[in-house]
Amino acid sequence: MAFAPPRPSRIPKIASPRRSVTPGWLGLAFVLPSVVVFGLFLVLPVIAVAGISLLDWAGFRIGDWTFVGLDQFRQMVGDPVFWRSFTNTLLFTVVTAVVLNIVGFAYALLIASHVRGSTLAKSALFLPVLLSPVIVALMWTRQLDAFGAANQLIALFAPKAKPTLFLGDPDLALAGVIVATLWQFTGYNMLLYYAGLQNLPRDQLEAASIDGAGKGASIRHVVVPSLYPVIGTVLLLNVIGGLRVFDLVYVMTRGGPNRSTEVLATYMYEQAFKFSDMGYASAIAMVIVVLSISAAVLRIRWGSRMTEDG
Amino acid sequence: MIDRYTHPVWRVTASAFLIVSACIALAPIIWVVGLSLRSGPDVYSRSVVPKSLRPENFLDAWNQFGLGPLFLNSLVVTTVSVAVAVTASVLAAYGFARLKFRGSEVLFLVILLGLMIPPAAVIIPLFVEIRALGLYDTHIGLSLVYVAFGLPISILVLRSFFAGIQRELLEAARIDGATEIRILWRVVVPIAKAPIATVSILMFLFCWNDFFLALVLLRDQGTYTLPVGIAQFIGQYSTPYELVAAAVIIAAVPVFILYLVLHRQFQQGVAEGAVKQ
Amino acid sequence: MANTMRSVSTRWRRTALLTGAVLAASMITAPTVGAQDPVELEMWSWNNEGAYPLVHEDAIKRFEAANPGVTVKRGQSNCGDACGVTYFGYTDYLTKFKAATAADEPPCIAQIPWAGEFRDYVNSGELVPLTDAIPTGFPAFFDPIVSAVSINGDVWAVPLDVNTLQIAYNKTKFDELEIAVPQTYAELKAATDKLGEQGTFGIAMGTKDKWSAGDLFFAQVAYTDGTNTKLTQADAGEVGWDDPAFAQAANNVAQMVADGVIAPGANSMDAFQGNLDLFASQAAGMMYPVGNFVTAGVADKVDGAFEWSLFPFPKPDGSTLDNRATGGIAEMFVVTKDCKDPEQAIEFLRYLVNDEGGAALVANDFIPSWEYPVPSDKSDLYNNMVTAQATANSRVIYSTKVYAELLNAMQGLMDGEPGSTLIDAMVAAGAQ
């Protein structure tokens, strides 16, 4: 579950706090509890994963391993299933990130207009965010089967058509998983953009409307540029979410049919818990970690360039 | 402003579209509720409207799945994790925002990178470590892991709020001779209800819905949390789907209650923050 | 005002502290590490469905009555609270068992899959060899079954029961359309075509959860490898995974899919959720694979709407072999090395498979893994399965990677890929 930070809106922001008169150890004492837990149960495991990715280890007995250097990564380069799950992960991430951003933004604009039904839509669209991905997956497996809602809908327009078995078709299964993801997270993206819209500089918008700029033009030239930071943050959240997708795929398709929905996290899980190949599993985990961190670095770069530009 | 769309045709179209969207969003949830009330062959029937109505499913699910102890376990693990994570992250966020020290920026950045790490990616060493500390199959072990994974987002949210608080407010308290911990408790926390509520809900959702970490880190039936406990009844060849659906709904009740109680603060927390990082 | 606030906040703080203390206390006491009673045996199984919990419970009662002071930890299952052993759904069971084993806290007795993982656990030294225990107090298990639980010259598991995999068919519809039980592939195809004229599919399969796709392949290997030894040899690296017997079996499967013998959409259905619906609703005339583990489920859903029975997968055209089912061990149990009382654990297993154990199995329509007289009141279906068992071929691949790739590639075949893709996948996995 990812999230964007709040910014106090009513209180004027003051530039960097003056050089602290409080001793340095005090700040350190405040952050210490967090740093200890975080270091023990997150940083240490990440370092360990990096280490294990250099080993050949069945995972049962500590010490029962051999050092193989970069062999796991070399094996990865020649492993077609790895590349399949790699491209699937990227495809899933890009599609969900782009669509969630656009659709979330569109809904935010709509409910910001406060037409009738806005409140209902805001609550209803947000509801799926509260559900566990496992439940969402079970729901959508049923909705996408031969007699589920999707085929009932198709039958409305093409009564003669044979039912489409979305999750059983290698060309459509990934799309099925993507649809379930969109369903769950559209409301969340909507809420983030809606929040962004609430914080827009009012004077700029009014100036635009006095200038006689049309609705479309004012959205394009005033709203969107002011939302660049929000877009960046929401995009990053979606990308991170996409790169680590596991539960949905695992329950909906088990990575099938024939690996057509295999993603990095499910392939890693298979290597670790089915084949007991902890070294290779850790190497795949490293790929997920590196991809996620790169996305964050890109976002920070992009963010600072936007600020420089104006 | 954007809300000045006045043309009636546009407003009606927009309303209709929003209402249809709401229905699409709700349909699968309503379907699960329907399933939880079905019985006999109706469980597998293809008809959209249930032919049977059996509220006793909820009672059966509660008894057969032993939801009582599962509920208690989930409640204990989640409450403790949320309490610890929120307390620790309020302290840390205040430290990072207001009591900067040498290296605090770097440390904060490292914690932010924690946001990028999926639990599944580190499950193997995490398991080995929990085991080595003697915390395998304990709620404390599971809670500590939840806290570690919940901290980055909590600290991020709270820190940017704390950084925006007027300096005069804090200075006044300092001149009165208040200690930093007292300032945090008496001045900062009371005005930070919205972000704290936001962080609490996110943390609650994460702990309450987690399946994977609990599956690997808990061993005995007596320690299971709800998602793991319910999963026990999904069979290889057959599954009592109507009871699973009922159990899933029962399990979701606290989440909905929490959201209903705190949704105003939650939305405000989101609203106040989506702009700047 | 300030005072009120302070007292409210003090009270609140006290409540919070109290709540915290209570929660902390319950966290310390809640986890129960089973160290209180040194002779409480723990057994894990994934068969939380059907009548298995009843069979387990029966053995526990007899064992506990004969061994005062030794108890078996009860679990929760569909036969009620505190009935049977500790259960967990199949896939999650494997994850959990692996974690518990790695933590040196596995249950004393654990159900284990007959393929893949079994050999991994043996080779990693996590199990107790049972070679010396088997001769005393255990029945004479069927020979092929004993060899299936033997690795590196030792016996590592106690097989409880066996199953056979056959095709279930809608007898009422077959009679109506005057279709005889198919003896060859040509007859199977003709039957499918005849069903198709009525708008009915052929064999309903559910391969989304993969395992049943493997059995379609093994059903062919039973004929393409008349010796019934090639799978074992390939596992040991003595013959290649591209052996003609496997290649021919893969091509047979591809041909079946091309001929429409298999109902469409198999990859979108779980075995015994989606495909049973097709069969029970008479949208499909046949269903595969069906053994005693699911006959009760089939009977439930068909609910007397039509008569049905079983026949072995028909032989390929031109084969001179007799028709034969595939099959093997259904439930089997290992004793783990970290078990504190392995002797008691083995003793419990004896109760599971003694005469009374056999009676409990048969009473619940399971087939014991040793010669056991069939009571005269058993159904035709049961007798059919016992007969088929006698000539059943095994279906085991121990190499987890080859087995996994076989299952994935079979999903491809179900989707129209040629047989060669399956062979390529197995060869590549075998080379790793």
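User: What does the secondary structure of chain B come to?

Analyst: This is a predicted model, and in it the secondary structure of chain B comes to 12 helices and 0 strands.

User: What does the C-alpha trace of chain B span along its principal axes?

Analyst: The C-alpha trace of chain B spans about 75 × 65 × 30 Å along those axes. Of the 277 residues in chain B, 54% count as buried, and among the contacts in chain B with a separation of 6 or more, 77% are between residues 24 or more positions apart.

User: What about confidence, and which elements of chain B have the lowest and highest mean pLDDT?

Analyst: Chain B has a mean pLDDT of 85, with 91% of its residues at 70 or more. Among the elements of chain B, the lowest mean pLDDT, 83, belongs to helix α7 (residues 167–175) of chain B, and the highest, 94, to α3(B).

User: How many residues of chain B are in contact with chain A?

Analyst: There are 89 residues of chain B in contact with 93 residues of chain A. Several helices of chain B give two or more residues to the side that touches chain A, including α1 (8–36), α6 (139–163) and α12 (241–271). The largest share of that side of chain B, 14 residues, comes from α1(B).

User: And how do the residues on that side divide into nonpolar, polar and charged?

Analyst: On the side of chain B that touches chain A, 63 residues are nonpolar, 15 are polar and 11 are charged.

User: Over in chain A, how far does helix α3 reach from its first C-alpha to its last?

Analyst: Helix α3 (residues 80–112) of chain A has 33 residues and reaches 47 Å, which is close to the 48 Å expected at 1.5 Å a residue. After α3(A) comes A:His114, whose phi is positive, near 55°.

User: Switching to chain C, how many residues of strand β11 are buried?

Analyst: Strand β11 (residues 161–170) of chain C is mostly covered, since 10 of its 10 residues are buried.

User: Which strands pair with β11(C), starting with the one over 2 bridges?

Analyst: β11(C) pairs in the antiparallel sense with strand β17 (residues 367–368) of chain C over 2 bridges, and C:Asp161 stands opposite C:Pro368 in β17(C). Strand β15 (residues 326–329) of chain C also pairs with β11(C) in the antiparallel sense, over 4 bridges, with C:Ile329 in β15(C) as the bridge partner of C:Val162. Strand β13 (residues 284–290) of chain C runs antiparallel to β11(C) and is joined to it by 3 bridges, and there C:Met287 is the bridge partner of C:Ala168. Strand β14 (residues 308–311) of chain C, likewise antiparallel, is joined to β11(C) by 4 bridges, and C:Asn170 stands opposite C:Trp308 in β14(C).

User: Back to C:Asp161 for a moment, why is it buried?

Analyst: C:Asp161 lies in strand β11 of chain C, and C:Asp161 counts as buried because 26 other C-beta atoms lie within 10 Å, where the cut-off is 20 or more.

User: Leaving aside neighbours within four places in sequence, which residues is C:Asp161 in contact with?

Analyst: Its contacts of that kind are C:Ala330, C:Glu331, C:Leu361, C:Phe366, C:Ile367, C:Pro368 and C:Ser369.

User: And how far apart in space are C:Asp161 and C:Asn67?

Analyst: C:Asp161 and C:Asn67 are 24 Å apart, C-alpha to C-alpha, and 94 residues apart in sequence.

How values were computed
Residues numbered from 1 in each chain as written. Chains lettered and ligands numbered in written order. Predicted model: local features only at pLDDT ≥ 70, side-chain atom pairs only at ≥ 80, totals over all residues. Buried ≥ 20, exposed ≤ 12 C-beta atoms within 10 Å, placed from the backbone. Pairing = 2+ DSSP bridges. Contact = placed C-beta atoms within 7 Å. Nonpolar A, V, L, I, M, F, W, Y, C, P; charged D, E, K, R; others polar. pLDDT = per-residue confidence, 0-100. Expected span 1.5 Å × (residues − 1).
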